[in-house]
Amino acid sequence: MAESRRTHTCGDLRIEDAGKDVVLTGWAASVRDHGGCVFINLRDRYGLTQVKADQAVTPEAFAIAASVKPESVLRIEGRVVDRGSNRNPNLPTGAVEVEVVAVEVLNASKPVPFPIVDDVDASEVTRLTYRYLDLRRPVLARNFALRSKVCRLTRDYLDDQGFLEIETPILCKSTPEGARDFLVPSRVHPGMFYALPQSPQTFKQILMVAGFDKYYQIARCFRDEDLRADRQLEFTQIDMEVSFATPELLYDLIEGMLATIWKGVFDIDLPRPFPRMPYAEAMETYGCDKPDLRFGMPMVTITDAVAASGFKVFADVAARNGVVTALKVPDAESWSRKDLDGLSKVATDNGAKGLAWFKIGAEEWTGSAAKFLTADEKAAIATRTGAGTGDLLLVVADDAGPARQALGAVRLKVGDRLGLRDPTKWSFLWVTEFPMFEWDAIGQRPTAVHHPFTSCVPEDLDLLETEPLKMRARAYDVILNGTELGGGSIRIHRRDVQARVFKALGLSEESARTKFGFLLDAFEYGAPPHGGIALGLDRLIMLLAGASSIRDVIAFPKTTSATDLMTASPSEVDTAQLRELHLEIK
RNA sequence: GGGGUGGUAGUUAAGUUGGUUAUAACGCCGGCCUGUCAAGCCGGAGGCCGCGGGUUCGAGUCCCGUCCACCCCGCCA
């Protein structure tokens, strides 16, 4: 058969094309043999076109077509015809079909381990082992077309804004702070290692010193930590840094970028500016630093209303400066004991000792601890929370951190149950005024909440040597629907301040010199004030695509135990390779 | 590191208080069929019940261990 190219893709043909002679290539998505004629759905990543071979018209082509195995690769020559009364309204190409003149099987397929359909019921093990088949599914293929489009929109937008795309090394220096590093042994330098970058952070700051005042990169990052539905060992960030930046400048930049993406993908205009919320408020009212504001239902602190309660759990927590926090679920009479047990488990899974619940009936309160509360206490709680007849109150009492975190998790579960977390609704938020440091109980030292290059609110700088845990950082996260899309900060650009922060983090002067000497040196040669942000591209695409796992937007993801089922990596290596690298396996 | 759920035919699942030959659907193989839309009809083949021990006259089923996958906590500046 002639080696002529395809004339159309499998998504192209419409009624206007009727009468044309065409060449199509694609995969046999289904083969329906009726004895005297056979229908084949030919699929490529653009769509599906029905082709028909008729024994009475083209007996040779029919014989080949009738023997085609699903997922074989075909080249079809034929003529486009109107399907008349047999049109398929479910296909964009459904008004026409291609009457086959000649069929060539370019490559036959073995029976596939699972059908190539959108609502696949194969396990993820099977899907990941045969990832090339999984990726043939239109729903998954669409995710990667979307990903490509978002990257293009991002590049175009940042290019328009005058940004330069600059690459930074993959083989880097190991850093003490942050996540566990992936290490790469040096062949040339026995006993020494590179590390894969957790982010291009220090390099992009150096680029600011170099005068590249607007930098971006769609950068691969590596962190050797346990995986989750939204976390992989290697992931991609849209990474940016701007000289002479202010938080407002960066908010505007990112909002403009996200608005451009939403416009390009959904043709919708995002309302701007995005709302903002200080970290402390997020923690108190939503129990986390990335509140899902697709629904309200704020948590309410009721500690003082129950400080003198006969319910010992509440009173004890109040006495030791803990927190009693409550969540009102409206119109929840119908919630069963089983529902509430499920919520209790969410609370205990998230560190609470338990979940107290009260159903507010017309006559009386029922629930786990209702009998311990006096009428005055109930009245005070009702006033504080705005709860009335028919409502349910969920209450956690503990130290402030665990109590709020646990009830925050319960809040999300309640939102799920009430269907309030609509994946087609978009709720953006800036969380601001993060603390600079948090106490690491294991290391017995402060650690950076964001990273050690983050600057603080100027008036807090003098707390650095006295009360560092009270300092507020000039850091901000952008949140979408309860997911952290990205975060950034205004950086430190002065050597003396950076040295003081390293010291506060427990990094000795010598160690700071060894690990970050290049950065401290650079700051002494005219480092401009600068700041930046990085967005998690994979999570962004996951949300845009409505996917439930980051694995559905990464072409070749790893399992939760960090293996690649298709290539069977990681794997052992030859002893000769190890010898070259001066390594020995214990 | 901890908790939870699951693993039975190529795939997805059912399998009762431990008891005859381990079911079904789809897929596969053979046959029929000219308007299907993941075509339909008839017939057939296909099993290390994740793996290793144990209890028992007897284990897919009970016990112990282990591996794999997924979800969550820890961890992820």
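Ala, Val, Leu, Ile, Met, Phe, Trp, Tyr, Cys and Pro count here as nonpolar, Asp, Glu, Lys and Arg as charged, and the others, Gly among them, as polar. The structure is a predicted model, in which local features need pLDDT of at least 70 and side-chain atom pairs count only at pLDDT 80 or more, while totals for chains, interfaces and linings use all residues. Residues are numbered from 1 along each chain as its sequence is written, chains are lettered from A and ligands numbered from 1 in the order in which they are written, and side-chain values use heavy atoms, with hydrogens and water left out.

**View 1. The largest cavity and its lining.** The lining of the largest cavity comprises five nonpolar, two polar and three charged residues. These residues are Leu 128, Arg 131, Phe 556, Pro 557, Lys 558, Thr 559, Thr 563, Asp 564, Leu 565 and Met 566. A cavity is a set of points, on a 1 Å grid over the protein atoms alone, where a 1.4 Å probe fits but cannot get out; lining residues have an atom within 4 Å of a point. The space in the largest cavity amounts to about 50 Å³, a volume being the space filled by probe spheres set on the points, which are joined across faces, edges and corners. One cavity of 30 Å³ or more is found in a search of the whole structure.

**View 2. A salt bridge between Asp 538 and Arg 147.** A salt bridge is a side-chain nitrogen of Lys or Arg within 4 Å of a carboxyl oxygen of Asp or Glu, and the count by this rule is 49. In the pair shown, the N to O distance between the side chains of Asp 538 and Arg 147 is 2.9 Å. Asp 538 belongs to helix 14 (residues 537-545) and Arg 147 to helix 4 (residues 138-160), so that distant parts of the chain, 391 residues apart, are linked. Helices (H or I, at least four residues) and strands (E, at least two) are DSSP runs, numbered from the N terminus. Both Asp 538 and Arg 147 are buried; buried means under 20% relative accessible area, exposed over 50%, and partly exposed in between (1.4 Å probe, protein chains only).

**View 3. A salt bridge between Asp 398 and Arg 320.** The closest N and O atoms of Asp 398 and Arg 320 are 3.4 Å apart in this salt bridge. Because Asp 398 lies in strand 16 (residues 392-398) and Arg 320 in the loop between helix 8 (312-319) and strand 13 (323-329), the pair ties together parts that are 78 residues apart in sequence. Asp 398 is buried, at 2% relative accessible area, whereas Arg 320 is partly exposed at 42%.

**View 4. The protein surface near RNA strand B.** Of the atoms of RNA strand B that come within 4 Å of the protein, 51% belong to sugar and phosphate. By class, this surface has 13 nonpolar, 20 polar and 16 charged residues.

**View 5. Side chains at the bases of RNA strand B.** An N or O atom in the side chain of Gln 50 is 2.6 Å from a base oxygen of RNA strand B. For the side chain of Asp 54, the corresponding distance to a base oxygen is 2.9 Å. The side chain of Ser 199 has an N or O atom 2.9 Å from a base nitrogen of RNA strand B.

Technical notes: Near = heavy atom within 4 Å. Polar contact = N/O pair within 3.5 Å; in protein donor to acceptor, adjacent residues only side chain to side chain. 1 Å grid on protein atoms, 1.4 Å probe; cavity = no way out; pocket = protein on both sides within 12 Å on 5 of 7 lines; lining within 4 Å.
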